[in-house]
Amino acid sequence: MTGPAADTIAAGGFDRIDPPDTEIYLDCVHCGFCLPTCPTYLVLGNEMDNPRGRIYLTRAISEGRSKITDRFVEHMNLCLLCRACETACPSGVKFGFLMEAARGQIERNYQYPPAEKRFRDHVLRTFTDLDRLETLTGLLRFYQQSGLQRLVRASGVLSLFGRLGKMEALLPPIPDQRLRKELPEVLPARGQKRARVGFLAGCVQRFFLPQVNASTTRALAENGFEVVTPREQGCCGSLLVHEGEREHAKAFARRTIDTFERAGVDFIVVNAAGCGSVMKEYWELLHSDAVYRTRAEAFSQKVRDTSELFAQTPANGRLRELPLKVTYHDACHLAHGQKVRQQPRNLLKAIPGLQLVELAESDFCCGSAGVYNVFHPEVAQKFLDRKIDRIKETGAEVVVSANPGCTFQIERGLKERGLGIRVVHPMELLDWSYRGAMPSGLRRI
Amino acid sequence: MLKDKARIVRELGKIVGPNAVICEEDELRVYDTDGLTIFKAMPDVVVLPNSAGQVAEVVKVCHREKVPFVARGSGTGLSGGALPLEGGVLIGLNRMNRILEIDYENKRAVVEPGVINVWLTNAIAARGYYYAPDPASQLACSIGGNVAENSGGVRTPKYGVTTNHILGLEVVLPDGELVQLGGKTLDTPGYDLVGVFVGSEGTFGIATKVIARIMKKPEAVKTLMAVFENLEDASNAVSGIVAAGIVPVSIEMMDNNAIQAVEKGVGAGYPLDAGSVLVVEVDGPRAEVEALVHPITEVCEKNHVREVRLAKDDAERLLLWKGRKAAFAAMGQISPDYYVQDAVIPRTKLPQIMAYIADLSKKYGLRVANVFHAGDGNLHPLILYDSRNEGELHKAEEMGSEIMKACIGMGGSITGEHGVGREKREYMPLMYTEDDLEAMKKVKRVFNPDGVLNPGKIFPTGAKDVKAGPSGQRGIVEKVLGHS
């Protein structure tokens, strides 16, 4: 585990709070293996927008040869933090940590233009504050259900609102919130109890995809897990870490650790790749926190993506036929961030009747990347178009995604192209198979 | 610093568009080095054209203004070949990355220079075809760069180097003229200008289209990993295999340091306690391939092999190759910096040179990782150093120079596939007389009379070699040349 030693701390254009770890620069041998795996390099086609270039630019600042300039910030913020480069890197460069630390420096030491700053703050607060999300989902559901959305979209008035208008286009349909409210605090294991697990309900997942949480907890219980969903849990801080709001993220991380320590669980289960990835790396986020460092290490050790838990304790024999042709999209923070690739595929293959077809470039970012598609809609669209092309080639009826950001992004892309392909979470498929209940509207193979 | 930079930038911008010009230092910096970080030189401007027409127009401006210019692909080169030593314009070809045509019947493909080497094979694999030259950096390096450096790869013993696979080229000459060399057939009438161009290290022109041969996959492929206690036994086995008249696709060697790095980085299944491993691959008709496994194993056994393991399936085979090909790139696992040599020796001298390198390693107190193309005697000793320790880079360079001289002394040469470029230009007189070099310069002048294209490469400058600063820092090369 890396943490800056006292003698390597802070230099050049960075401050002393979590400066990028200089060991990471030394791991990079400049071979360029990361270049063709970096989505932004492939789309933007310049060397400032690839991992090798970004490391080089960051190092120049650390060593006092350059400063945090507008252009530096632009290239750093254009990074999706998909971490495909980490998968590609034979030297094991921890690019994600470097980028998160650099963004922390930017957040503190760079002055965004005021309007930009307000927009950033607004977006980040909205997606990480549960009270705000609750109010917002209520308003948005009314907006969509009342016909107001159709009216507004038809009127063209959205074009007057600039970026907020574009955000409106990213809005997924807001589901009925009853499912969310019905999620029990403790769901007993069916049959013999294998373990007691704490479930992270997520922020976006909880409000926008409550059916995924319902399916996840049911499937876990069906498999012998007692599922605790602590009521007092909040945001895990994932988005904030990615956007460089480290101090704020640390507060969220400490609260999350407290919550699940109190719940007394064997594992903490996460069904959103972005959240799981950051929680597995709380040890890094809190490495300089004397009180929480060791607790964070213990916590991170207990975090599992849902599919990992099933891989350890295979799905039992009650699965029913699910005659669907599906393809699997690797969420970046699962495949690259957590190195979880095979487990979800194995899980899908265990479902009788289900046909899994491989998706070309399955681990190439779809452009959602947390709030990337909000901050960089034009660039994000290019990744999305590429993803949808590949999905179309598979002829699958269903795309499986284990991250809410990807789910919304891909759903929107499919809808734009008029493709009737559904996006579902692997836990939904498992749950349907357990219950022998496939939702209507899906074509059987 | 470029005179009239603003005016030239404006003019270039009109050709390639505003999103394809880079001219500020905080961005240009990323173009100041390539895969060999001991040399650095910052361009004044980078342009990123997306067509041959744009390249030609940019070159015309450079020619008219007498501004030095150089082409760059993926920036993975290991001899500083794409460095703008005199500043000026760097033409990045990575946006020209389309596969234009695939003709299976006639076994050829037309690609733009920025196409990544492995993309071509990926595009034709489903139909059972592949592009043979496969440098270890094939996941990242561009075919245009391969053409410039006449890159080799692990298949060299049987399939040759890049030049054996290029049928024709579209080239922008240093005055901006767009010409065709060769064609779509194996041999075009007249001088073999394609052969002259391939390996010219970016000093004759800029390739904007490459017509490459593609090959049908052989019926069978077998890959063996032979594990030895030491380098000497492995070296003798290589000589033995070749002496037996066997022509494998590849004979690759790795020593223990290389294995450590590869296993940490990739986990390819090489035994961590081996003194050395050989990876030997044979391909062809099934009967032939199966018949070859036995004699290869026999030669290894004669040379005290600990174990010969035959890859049981394609997955295991590909994993072995993934490990071998990631070896350079994995060095960060065991060392902050490395300096790679690319010397060639007659294969029969392998045991001697390996022993000599081991002695040098002790003398200089620097570790060496050996990972190389043993089948064609192309060494890649990676001298491991730490640029943070004062004087270590200098020691590494001294040691590299001793290795190179020893190789020449054994009847070898200073570069097998990485090119002379910036790095080895001062070593050229060790290999060639002045007359030899003058003859080469005459050829260069035919293509590049003013020397504005890629100056400072291949030929010795006569000056005492300037030492670069530690990697990641601005080197002395840059300071000496005044690009601050």
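## Strand pairing in chain B

Two strands are taken to pair if DSSP finds at least two bridges between them. In this predicted model, five strands of chain B pair in an antiparallel manner to form an open sheet, in the order β5-β6-β10-β8-β9. From one strand to the next, the twist averages 15 degrees.

Helix α4 (residues 117-124) of chain B lies across β5, β6 and β10 (206-213) of chain B, and its direction makes an angle of about 45 degrees with β5(B).

## Overall form of chain B

Chain B contains 16 helices and 18 strands. Its radius of gyration is 22 Å, close to the 23 Å that the globule rule gives for 484 residues, so chain B is as compact as a globular protein of that length. Along the principal axes, the C-alpha atoms of chain B fill a box of roughly 70 × 60 × 45 Å.

Of the 484 residues in chain B, 55% are buried. Among contacts in chain B between residues at least 6 apart in sequence, 73% join residues at least 24 apart.

## Contact between chains A and B

The contact between the chains takes 30 residues from chain A and 34 residues from chain B. On the side of chain A that touches chain B, α1 (22-27), α3 (51-62) and α4 (70-78) of chain A each supply at least two residues. The largest share, five residues, comes from α3(A). By class, this side of chain A has 15 nonpolar, nine polar and six charged residues.

## Domains of chain A

Chain A is divided into domain 1 (6-109) and domain 2 (316-435). The centres of these two domains of chain A, taken over C-alpha atoms, are separated by 29 Å.

Eleven residues of domain 1 of chain A are in contact with twelve residues of domain 2 of chain A. On the domain 1 side, the elements that give two or more residues are α2 (39-44) and α5 (84-88) of chain A, and α5(A) provides the largest share, three residues. The residues on this side of domain 1 divide into seven nonpolar, two polar and two charged.

Technical notes
Residues numbered from 1 in each chain as written. Chains lettered and ligands numbered in written order. Predicted model: local features only at pLDDT ≥ 70, side-chain atom pairs only at ≥ 80, totals over all residues. Helix = DSSP H or I, 4+ residues; strand = E, 2+ residues; numbered from the N terminus. Axes fitted to C-alpha atoms, helices over the stretch in contact; angles between N-to-C directions. Contact = placed C-beta atoms within 7 Å. Rg over C-alpha atoms; globule rule 2.2 N^0.38 Å. Buried ≥ 20, exposed ≤ 12 C-beta atoms within 10 Å, placed from the backbone. Nonpolar A, V, L, I, M, F, W, Y, C, P; charged D, E, K, R; others polar. Domains from an automatic or database assignment.
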